[in-house]
Structures are given as structure tokens and as C-alpha cells.
Amino acid sequence: MVAGTEQQQQAHRPGVYKQKNKQHKHGKHRTKGEIERENKGRVAVVALSKKQRRELRKMDRRNKANQLRRNKKDMVLTEKRRLGSRDGPPHLVVVISLHTAVDTGTAMQLLKSEGILHEDQGVRGAKDSFSLVLPRFKQRFTFYHSDTADLHSLLDVAKVADTLVFVLESTEGWDSYGEYCLSCLFAQGLPSHALVCHGIADMAVKKRAESRRALSRLAQARFPEARLFPLDSEQDALLLLRHLGAQKQRKLAFRSRRSHLLVQNASYTPNSVQDNTGAPSTGLGTLRVSGYVRGCPLQVNRLVHIAGHGDYQLSQIDAPRDPLPIINSAPRSARPAKGGDVEMMDGSVGDVNGAGGEVRVLMKSDPSQRESLQAEAEVDPMDGEQTWPTESELQEAEEARKSRKVMKVPKGTSDYQAAWIVDDDDDDDDEDNENSEEPDMDSCDDDDDDVDDLMEDGDNESQDGEAASGNEDEEEEEEEEINSTDRVGAEQKYDEAMNVAEEEDGLKRYREARSHEMFPDEVDTPTDMPAKTRFQRYRGLKSFRSSPWDPMENLPFNYSRIFQFQNFERTRHRVLTEAAAEEEGAMVGWYVTLHIQDVPPTVIESFQEGKPLVLVSLLPHEQKMSVMHVLVKRHPSFSEPIPSKEELIFQCGFRRFRASAIFSQHTSGDKHKMERFLCVDAPTVVSVYAPITFPTAGVLLFKQRANGMQDLVATGSLLSCDPRRVVLKRIVLSGHPFKINRRSAVVRYMFFNRDDILWFKPVELRTKWGRRGHIKEALGTHGHMKCVFDSQLRSQDTVLMNLYKRVYPRWTYDPYVPHPVPWVKNEEPENLHDIDME
């Protein structure tokens, strides 16, 4: 019985649906003593009531949200109604022609002839510029005609314009150069705009409606929500003015956070001989400019930047008579800012207009609070001197030496090579994606045979043509001689216009770009010098993503001339918050006269030639030099290769300068791979030495040709200011398997002497087909080496070694950029087609 019972118990198996009861959760039940011992005397936080937490009821929360919404709406309406009214600056309208066949002067005359109560001369020196007051709308406007041939002037005026009026042609809309200007304006930041069509009234009655529909369909590609206005009569001009005064204003962040103005009048006084020393004048002087303050209040102690001319200091701000008052309204007197001196002065000094009226001095700069023009840090050559270490530093070094892990290294390995060797436990670290995915270079086709075939076919065709021409009549031969003479003359003219040196340079760049595309970062190991000498500044990385790289290691001398933030984002937030809360200075809408010190005479000469002067007040630290990073994308119309460190022209916010930059990938992490050429289909980070500018700001990159014309290369926006951003240049040394075993292989052509193999022995190897390995030993003295891989190699595979070094941009910053040569019909830019410019 006992044996049978035991047999039955052993044979029993519980089924799938056997009931399983929950276990008692004894782990969560603690006694009061256990809880007190774990808390160790700490007292729990007393729960706050809704009243103590200041929580509102549902109706109160709804009422608060409605109040915030109403206040924000009232603020937007107040700002909109202030523009062009008595309390704000005149509505600045810039008229731009997008087609050479459009007569902008006729359109300006129509706007000038309707509803004018008071008219002003507008901006001195500007063509067809005028200001007017419309009592019917209780608004005032300033119209400025910008010539599209001077692209820099067009972009400068568009930065401060309230509205852009684009004049279209009645049949084509805009030409290729108009499309080019639109690309630049959109990349910079487009304010409120309106589309105007001039010339529809001259067409037949049956074709007017069809022409307007065709233009509307064409404009939807660039302006999806814009409305097309005709401008052929005074009634059309009145409707356009009504629309301009009532339309919604688009806010641009880079100009709304800084006070700016468009100079309407200017005068210049050279500095006299110093009284104490009697030294001659330095060639500088005081520039007095007048205009309406826009954006935010203007501080006298802040620096001002004149677009295209540099940074300067203010000495005082005056308040002359407003040249464009609204009739039947009480004159608005400018109150002085807090702490500003108020004096009555002769009008001949402060009034640029020379009206002889009284001018009130709003404020004078304080030398103790005025910002400095210092752009570079003072360099002390003794900062890099090595001193004798202290006792504490020697003790720390000794402890670090004792705690250093000892590992076995091959015989003959130096300390420098041993620093590259890592433990075997780290072999499973993640590698960079770029190292695991490489194109198969063996599948690339050779185009030389195809080129030879084409040349042979061309020769055969030319021979057949000669045989056929020999059978023609004498008259046809004479005609061919005349045509050939004309063709030879045209070819000679074409050759005379061609720059041979520029063509050879372009061919060299195309070959380098093609070679880089086929064999990325591959370089040839020199045979006339040791590789460890040629590549002594390079080092190997176990993992591009996770291997450490000290950003403060071996910095160049130029890094001692720049400024750096501990936390750029925190400083940016603080500066912009303080700028938005400022309520002192010359308020928005005031007509003021600024006294700018130590200005060269070229500024007033440029204004007298008819070019616009745009002033902007700089935020703190924006005159200091640092390493700026810009995220750009290549413009699709530009096809030439742009190598790294080439000199380009930057339009960054209100600034315009020339500098050499380096390109790098836009990736996450603490290291970024340098790009040898500007990428075509991917965003690229451009690093350059430039003055600090707080984002956001639009950026345009131009390339200047030998004849002075400029081509748009890339567009983007400002990214950050970070000198600690590590940009690494990669080179790839390639070798070919000579003998292949199961897991080992003999590799040649990577090095050509034994010492180089021993020097680069700790660096990891990879192949284009994804194999990984390392150098085991050198064979002979002519560069053959035995390598071990994680799998057997293929005969068509290529062995690669990645080496890295940190690169920096070149210090070629130049703030003075000449205006580009106007586009002409015979010399069209390379990124445009069918330009029709006079």
C-alpha cells in the first residue's frame, strides 16, 4: 500500500488550469517601529489644502484665461494701430520690382498723387523716395524704392521695412533674377508684403481677367495667401494704401529685439586737431543721423552697428522737430529718459535738416557705463609659461601614477603608443555609423573607356562630314567659308571673354570633389617620408561616438583672442529678457538725431551716393569675437563645389562680413566629423570666427567671383556660439590584402617601412565590407604586415585605418565687404538662367 501510494503521488501532474491563489504580500506590511527606524526621525510633509496651494476654482481659471487672452489681443492691436499713427513711426514701405520690364517710377507716382495732405522729401539721396500723410486713414507712410541691381542695399532695407510691395509684370510676373532676389529675401526673413500688378489696364479688355488669373496662379507658388492688387489708376492706389495700413504685420525676431532705424538725413563733421598735443586729425569724425526709432527703445550707452560699416559708440541723442507731423493733432514732445540731461541747444548743431529750430537733448552717454568697442580679448604671452609644480600637484601626480592600471603591451611599444591601447573588455563598444557603412568602391565604373569611344565616334563623324562636303558645289563652298569665318570670329570673342586661370581652378575643384565622393577621406601614404612624421598630429579612436576628446587640449593661439560663455543659452535668455523689459531711452516712434563718434568719411560718402544707411543697437556682448556656428543648406541653384576653409561672404542678421569657415556634420554628441566640401543634400554646420550674435537670425552665404559679382551659395539660420565644439578631420589610410588565411591576412601598400607599422600598431583596422581587426606584427622592412580580423577577408576587400585630428577655422574676418557688381545681361551669375537685366 505504501509503495502504491508513493507511485500514485509521483505520477500525478497538475494541469494547465490548476488554480493558483495569490500569495500574501507580506513585504509591504511594516510595523510602526520599522517605519520609524527607516525614517530616522524625518517627518512627512503635511498636505497643503487648495487654499494654501492657491488653486483657483473652475470659473476663476476660465476668467483668468479670458483676461490673459484679452490682454494679449489688446497688446497686438495697440502695436498694430501704433504703426503709422501719431504715436508710432511712419509705415515704411519698400517698393521692389521683380521684372526688368516694369516701370516702378509710374507706380510710385500713382501712390504719391492720391490723398496727400502733407508731403516730405523722404530719404535724402534715395531715388523716388517720399513720405506722405493720409488724414482719411489717420496714418503716415514712407515709400522707399530699392534698386534690385544692388543686392546688399536691397537686403539692408528689407531688414527694417514694415511692408514690401512687389511689383509684377502683367504677363510673366517675375524673371529669373527676380526669383533670385526672392530666394534671398525669404532666407533672410520676409516681413509683411503685398503683390502689385502694373500694366493690366493697357491690355485688351478680354485678356485682363485671364492675365490676372494666370498671375494669381503663378504667385501661389511663392505667396500662397497673398492677394494681387492692380495699380493702374488713383483708385487702385487708394485701395492699396488702405490694405497696407490695415494688414497684419509679420513679426521678425532678430529685429524686434533690437532698436533700429533707417537714416533719412545725415551730416558729417571731421574731428579737429587736438588742443593739448596738437596732433593731426585721425581722419575720423562725428556722424549725425536722423530717423524714426523702431523695434524697441534705444539706449545711448549701447553700441550701434551701421550695416556694412562696423560698430560705433554714441555720444548723445537729440529730439529735433518731427518732419512728418499729422495735421490737426497736438504736437507730441519727447520726454527725456530717466537720468538723462535735458538742455536747449541751437538748431544748427543738432538738427540735421538745418531748419534752425530748437533741439532738445534727450540723453548723453556716460563714459563709465558706456559699452566698450573691444572685440578681442587681451592676450598675455606669459599665460602659457610653465611654472614649477607645487607639493600638492606632485602628490596628486604620484597618486594618479600608482592608481594607473598596468597592462601588457608588445615589446618595443612606446608610452605614446600604449596610451592608445584599450582593454579587451571594451571590444563590444558601439562604433560610429560612418565607419560601418562605406560604399563599395570596387563597383565604381571607369569612364575613361566611354570617353575614348565618344571621341572616336566624333572623329568618324567629322571624317564623314568632310567627305560629303567635298562633293558640294562651289557656291555652297563659298557660303561655308563665310559661315566658318563668322564662327571663328565668334569663337575668338568667346575665348577672349573666358578666364583661363579660373577655368583651370574650377576643373581642379571638380576633380577633387569627385575624388572625395568616390573615395571619402582616403589619402595616400607618402613614400618619401615616414608616415608617423607625416601624420603625427592624428590619433586613432576606439569609437568615434564614445571615445573621449578633451575640448581644451592644444588650443590654437587664436582661441586666446576670443570670448567664451559658461552657458550660452542661459546668457542668451537673460540678455533677451532684460532687453524686452527695458523702458528707458528713446522710445519707439520718436524722431531722433544720433551723434556717432569716430566714424570714417566713407559712411557719409556711401549715403550721398544713394545707398541706404541702416542702424541697429547691439545687445550686450554682441561686439565681441567668438566661434559662431551656423546651420545652412546648400542653395539648389548653385552647382560648384565649395571646399572647406574657402572665403565666403556672410549675411548674419544685420551684419555682413567676409570670413573663412569649416564645414561639419549636424549630429548629436560631443564630436563632429568635418566635411571637406559643402554637402548638397544634407544640412551642414558652418563654424567661423565672427562677432557674437544671439539667435534667432537668418544667414545667407555668398561667394564672390573674380569680376566682383556674388552668387548665393547657401541659406540657413544661426545655431549657437560654442568654442568648445569639437570638429574632427578624418583621414583614411588604405591597404590591400596580399595573402589571405582563415582569420589573418598579409596587408601591403598601407605603410612602406617597419617603424610606421609599429607606430600605428594600436589603432584598430576595418574593411569596406565590415570586417574589424588589428595589426599583429610587421613582416620584413618594406611595409608588409600581418593583421588579424574577426572573420575571413575577401580578395576584393580593402583594409582601412581611420585617423583623426581637431581642426579650427581660419581667422580671416573682414567686416568691410564691398557692394557687389550689379548684374548685367552679358555676365549672368552661374546659378541663374535667362537673366534679362539692363
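Here is a walk through this predicted model, from its overall make-up to some individual residues. Residues are numbered from 1 along each chain as its sequence is written, and side-chain values use heavy atoms, with hydrogens and water left out. Because the model is predicted, local features need pLDDT of at least 70 and side-chain atom pairs count only at pLDDT 80 or more, while totals for chains, interfaces and linings use all residues.

Let us begin with the whole protein. It has 20 helices and 32 strands; these are DSSP runs numbered from the N terminus, with helices (H or I) of at least four residues and strands (E) of at least two. Of its 838 residues, 43% are buried, a word that stands for under 20% relative accessible area, with exposed meaning over 50% and partly exposed in between (1.4 Å probe, protein chains only). The accessible surface is about 48400 Å², and carbon and sulfur atoms hold 48% of that; such areas come from the Shrake-Rupley method with a 1.4 Å probe, and for residues only the protein chains shown count as cover. Among contacts (heavy atoms within 4.5 Å) with a separation of 6 or more, 78% link residues 24 or more positions apart.

Now for the interior. In soluble globular proteins, nonpolar side chains tend to be buried together. A nonpolar core is a set of buried Ala, Val, Leu, Ile, Met, Phe, Trp, Tyr and Cys residues joined through side-chain atoms within 4.5 Å. The largest one here has 112 residues, and Phe166, Leu287, Ile317, Leu594, Ile596 and Phe650 touch the most other members. Helix α6 (residues 176-188) gives this core its largest share, seven residues. A second, separate core has 24 residues, including Val102 and Leu238.

You will find it in strand β13 (residues 314-319), and it counts as buried because its relative accessibility is 0%. Among the residues that Ile317 touches are Val300, Leu362, Met363 and Leu594. Gly585 lies 268 residues from Ile317 in sequence, yet their C-alpha atoms are 9.1 Å apart in space. Ile596, another of the residues named for the largest core, has Leu287, Val304, Tyr312 and Leu615 among the residues it touches.

Aromatic rings come next. A pair of aromatic rings is described by the distance of the centres and the angle of the planes. Rings of Phe, Tyr and Trp (its six-membered ring) pair if their centres lie within 6.5 Å; planes under 30 degrees apart are stacked, over 60 edge-to-face, and the rest tilted. The structure holds 19 such pairs. Phe535 and Tyr538 have ring centres 6.0 Å apart and planes at 80°, so they are edge-to-face. Both are buried, Phe535 with a relative accessible area of 3% and Tyr538 with 6%. In contrast, Phe751 and Phe760 are stacked, because their planes are at 10° with centres 5.3 Å apart. Phe166, Trp174, Phe186 and Phe223 form one aromatic cluster.

What about cysteines? No disulfides (cysteine sulfur atoms within 2.5 Å) turn up in a search of the whole structure. For Cys181, the nearest cysteine sulfur belongs to Cys184, 6.5 Å away. Cys181 is buried, with a relative accessible area of 1%.

Our last stop is Arg705, in the loop between β25 (698-704) and β26 (710-721). Arg705 is buried, because its relative accessible area is 15%. Its side chain makes a polar contact with the side chain of Asp711 at 3.4 Å. A polar contact is a pair of N or O atoms within 3.5 Å; within protein, one must be able to donate a hydrogen and the other to accept it, and residues adjacent in sequence count only if both atoms are side-chain atoms.

Notes:
Lists of a residue's contacts leave out its neighbours within four places in sequence.
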